[in-house]
Amino acid sequence: MAYLTQPDYVKYACSCGQIKPITSLYFCRHCLQIRCGFCICHEVDSHYCANCLENMPSSEARLKKNRCSSCFDCPSCFHTLSTRATLAQPRQTPEQGSGDSKVENKQAKKMYYLSCFNCRWTSRDVGIPDQPVASGGWPERVNPNATRINQLLDYYKAIAQQEKQEKLDRERKKFAIRGKYITLTDKTGLTGAMARNIAGLPSSESTMSAIANFVPSEASADVEELSEDFYTKELNLNQITSMPQRLAAPEWQPSSVSRLYPIAKLLSVKRSQRCRACDHNLTKPEYNPGSIKFKIELLAFYHVPEVKIISYEPMKPGCTSALLLKLTNPTGHEMQVRLLQPEEVPDTEDRLEEPKSLEKSLEKSLNLEKDNLWYETVQRKADVTATCRVVTPDVTLTLAQRDDAAEYDDDATHDANDIILWRKSNKLALRLQVRCGEEVEAGSAAEAALTLQYRYRNTVPAPHEPRDHTLHATLMLQLGHVSG
Ligand SMILES: [Zn+2]
Ligand SMILES: [Zn+2]
Ligand SMILES: [Zn+2]
Ligand SMILES: [Zn+2]
């Protein structure tokens, strides 16, 4: 017998067919479907520095190249650098001690430098002068290839713009044929160029000129000769940078440790996640980077009954073994649960509507490039062919609502029942039988599929929609290996 607490032993089937532990699944209250990281949209909500927790809008983050301006990483070991203060000794002057105010002026001044507590690298090692202020003010280095990179960026922006325009023109033609799409230009009498101006996009003329004036790079076979001492001079590995150190500063790629400069810290992002079928948010973090809370947090863990394996007997081919499961109702409402075989689930495919037409407006078609490919995957059913079969009893179990105060109760009620082992507030232990297939080979993984049919009360229903729903969750139980 084995006692298992690891979540990977029980996996749930997502509406897209993926099988994942409940802790990595979401539950869309609007579609009433389980969603996983694969079938939701991930969006960047805000950028922030994980060290100083400064928050910034994405436009500013882009301008700063996604790096914090006041925090630095060690160029040698990539640990965060700390600011250290020292007292700079005042210069000796002949009239020492002649007046109070003079003495004050000559008091040692605090100066700051950057230091790594991990490898002892300091900004003094590479001759960066100490700064009079604790944060900021560190000399910025200019990328030697900045001009060329900007040229390239402009060129690729122009190409992207041109492609977008072509795509838009094609779509407009398509919708014009259907006759139900009113473009901004049709409605307001604006010309395309004016609309682009309003939207802040470059006009097609400037796009054309950016493409025409671009000078492509040319490959050359002439390579600078290596200096003679490259072969003769003895190498001191302590003075040569490693590959990771070089690549951490791709603009300069210093080859000698004396050229290592502090690396501005990369920003982190907070993500929000959106259901792809209905566009509602599944998670939305608090904007404040210091907060770990969420405004919206539709995790499957809070909505779908959780199943844990308490214990099981070893599986033998053609034999029946005992299986103890624990069921938990995470919601604030009483829940009726039935156990079914996966093939007994009625087809609910019709509830999945065709995804909404994505081109709702000109604005949306300008910046929304969702693909519809995922939809085909959603239609796929989870592959739940299993080697073992749970014998599902024909009973409806009632799970009480979650009660946080009941967590402190020690007493569990033992039902005089063949199926229910004990109950305790919103939890229930079940005694079930598992049949292992006759021709299953010894040593192969023992897996059993099971479907939970449960009553779910939607607490935020749209008007005129039923509050209570019968939902299904199919799960896979990993029951070790089949013994011989
Ligand atoms: Zn949804
Ligand atoms: Zn999924
Ligand atoms: Zn920072
Ligand atoms: Zn370091």
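Which residues form a nonpolar patch on the surface? They are Leu226, Phe230 and Tyr231, with about 370 Å² of accessible area together. This is a predicted model, where local features need pLDDT of at least 70, side-chain atom pairs count only at pLDDT 80 or more, and totals for chains, interfaces and linings use all residues. Residues are numbered from 1 along each chain as its sequence is written, chains are lettered from A and ligands numbered from 1 in the order in which they are written, and side-chain values use heavy atoms, without hydrogens and water.

**The surface patch**
- Phe230 sits in helix α7, residues 229-232 (helices are DSSP runs of H or I with at least four residues, strands are runs of E with at least two, numbered from the N terminus).
- Phe230 counts as exposed because its relative accessibility is 54% (buried means under 20% relative accessible area, exposed over 50%, partly exposed in between, with a 1.4 Å probe and protein chains only).

**The zinc ion (ligand 2)**
- Cys14, Cys16, Cys36 and Cys39 each coordinate this zinc ion (ligand 2) through SG, at 2.2 to 2.3 Å.
- Along the chain, the donors of the zinc ion (ligand 2) follow the spacing C-x1-C-x19-C-x2-C.
- Cys14 is buried because its relative accessibility is 5%, and Cys16 is buried with 1% relative accessible area.

**The zinc ion (ligand 4)**
- The protein donors of the zinc ion (ligand 4) are the SG atoms of Cys74, Cys77, Cys116 and Cys119 (donors are N, O and S atoms within 2.8 Å of the metal, or 3.2 Å for Na, K and Ca; water is not among the atoms, so sites may look incomplete).
- Cys77 lies in the loop between β7 (67-73) and β8 (82-88) and Cys119 in the loop between β9 (109-115) and α3 (146-178), so the pair ties together parts 42 residues apart in sequence.

Definitions and conventions. Patches are made of residues with over 30% relative accessible area and no salt bridge: like charges are joined within 9 Å, nonpolar side chains (Val, Leu, Ile, Met, Phe, Trp, Tyr) within 5 Å. Accessible areas come from the Shrake-Rupley method with a 1.4 Å probe; for residues, only the protein chains shown count as cover. A salt bridge is a side-chain nitrogen of Lys or Arg within 4 Å of a carboxyl oxygen of Asp or Glu.
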